[in-house]
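Open the structure in your viewer and keep the sequence beside it. We will go from stop to stop, selecting a few residues each time.

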Amino acid sequence: MGGLPDKGFYDLDLQQFFNLAGFKVVSATVAADPKSLYRKSLGYGYVAFADENEMLRCLAEMNNKPLGDRTISLSRQVDSKNFDPKANVFVRNIDRSVT
């Protein structure tokens, strides 16, 4: 998922964003630079939903939706070397300043 707010947006914020939109989210992670003292965003993240139907509904309803002053971008990512097998939606275009 990409396009998250520039500052002060964390894993829990990502999870709550989708929960408040009516989705059953199991976990959410904003990918961060492990060398960064303040967990600087790498510009993408992962969201795991309760089941495949929730994931498919989210892809259909939330892709290219506004989040703060940005637009999020969602995709199902199953063959990337960066894919977290515990998640089922890849979130790209997250601003690198997101922590």
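**Before you click**

This is a predicted model, in which local features need pLDDT of at least 70 and side-chain atom pairs count only at pLDDT 80 or more, while totals for chains, interfaces and linings use all residues. Residues are numbered from 1 along each chain as its sequence is written, and side-chain values use heavy atoms, with hydrogens and water left out.

**Stop 1: the whole chain**

Show the chain as a cartoon. Helices (H or I, at least four residues) and strands (E, at least two) are DSSP runs, numbered from the N terminus. Follow the chain along the sequence: the pattern reads α-β-β-α-β-β-β-β.

How many of the 99 residues, in percent, count as buried? The figure is 45%. Buried means under 20% relative accessible area, exposed means over 50%, and partly exposed lies in between (1.4 Å probe, protein chains only).

One more value for the chain concerns contacts, meaning heavy atoms within 4.5 Å. Among contacts between residues at least 6 apart in sequence, 62% join residues at least 24 apart.

**Stop 2: helix H1**

Select residues 11-20, which form helix H1. Colour Leu14, Gln15, Phe17 and Phe18: these are the buried residues of H1. They cover an arc of only 155 degrees around the axis, so they sit on the same side of H1. The arc is taken from the directions from the helix axis to the C-beta atoms. An α-helix has 3.6 residues a turn, so residues three or four places apart point the same way.

Then look at what covers the buried residues: the cover includes strand E1 (25-32), E2, H2, strand E3 (66-67) and strand E5 (73-75).

**Stop 3: the aromatic rings**

Show the rings of Phe17, Phe18, Phe23 and Phe49. Ring pairs link these four into a cluster. Rings of Phe, Tyr and Trp (its six-membered ring) pair if their centres lie within 6.5 Å; planes under 30 degrees apart count as stacked, over 60 as edge-to-face and the rest as tilted. The structure holds four aromatic pairs.

Zoom in on Phe17 and Phe18. Their ring centres are 5.1 Å apart and their planes stand at 80 degrees, so this pair is edge-to-face. Phe17 is buried, with a relative accessible area of 18%. Phe18 is buried too, at 0% relative accessibility.

Next, pick Phe18 with Phe49. This pair is also edge-to-face, with 6.0 Å from centre to centre and 85 degrees between the planes. Phe18 lies in helix H1 and Phe49 in strand E2, so the pair ties together parts that are 31 residues apart in sequence.

**Stop 4: the core**

Select Phe18, Val47, Phe49, Met62 and Leu74. Of the 19 residues in the largest nonpolar core, these touch the most other members. A nonpolar core is a set of buried Ala, Val, Leu, Ile, Met, Phe, Trp, Tyr and Cys residues joined through side-chain atoms within 4.5 Å. H1, E1, E2, H2 and strand E6 (89-92) each give two or more residues to this core. Which element gives the largest share? H2 does, with four residues.

**Stop 5: strand E2**

Select residues 41-49, strand E2. Eight of its nine residues are buried. Leu42, in this strand, counts as partly exposed because its relative accessibility is 28%. E1 and E2 pair in the antiparallel sense over six bridges; strands pair if DSSP finds at least two bridges between them. Look for Val30 and its bridge partner in E2, Gly45.

**Stop 6: two loop residues**

Pick Ala50, in the loop between E2 and helix H2 (52-62). Ala50 touches Lys24 and Val26, leaving aside residues up to four places away in sequence. The C-alpha atoms of Ala50 and Lys24 are 5.5 Å apart.

Finish at Asn64, in the loop between H2 and E3. Asn64 is not a glycine, yet its phi is positive, about 65 degrees. Is Asn64 buried or exposed? At 51% relative accessibility, Asn64 counts as exposed.
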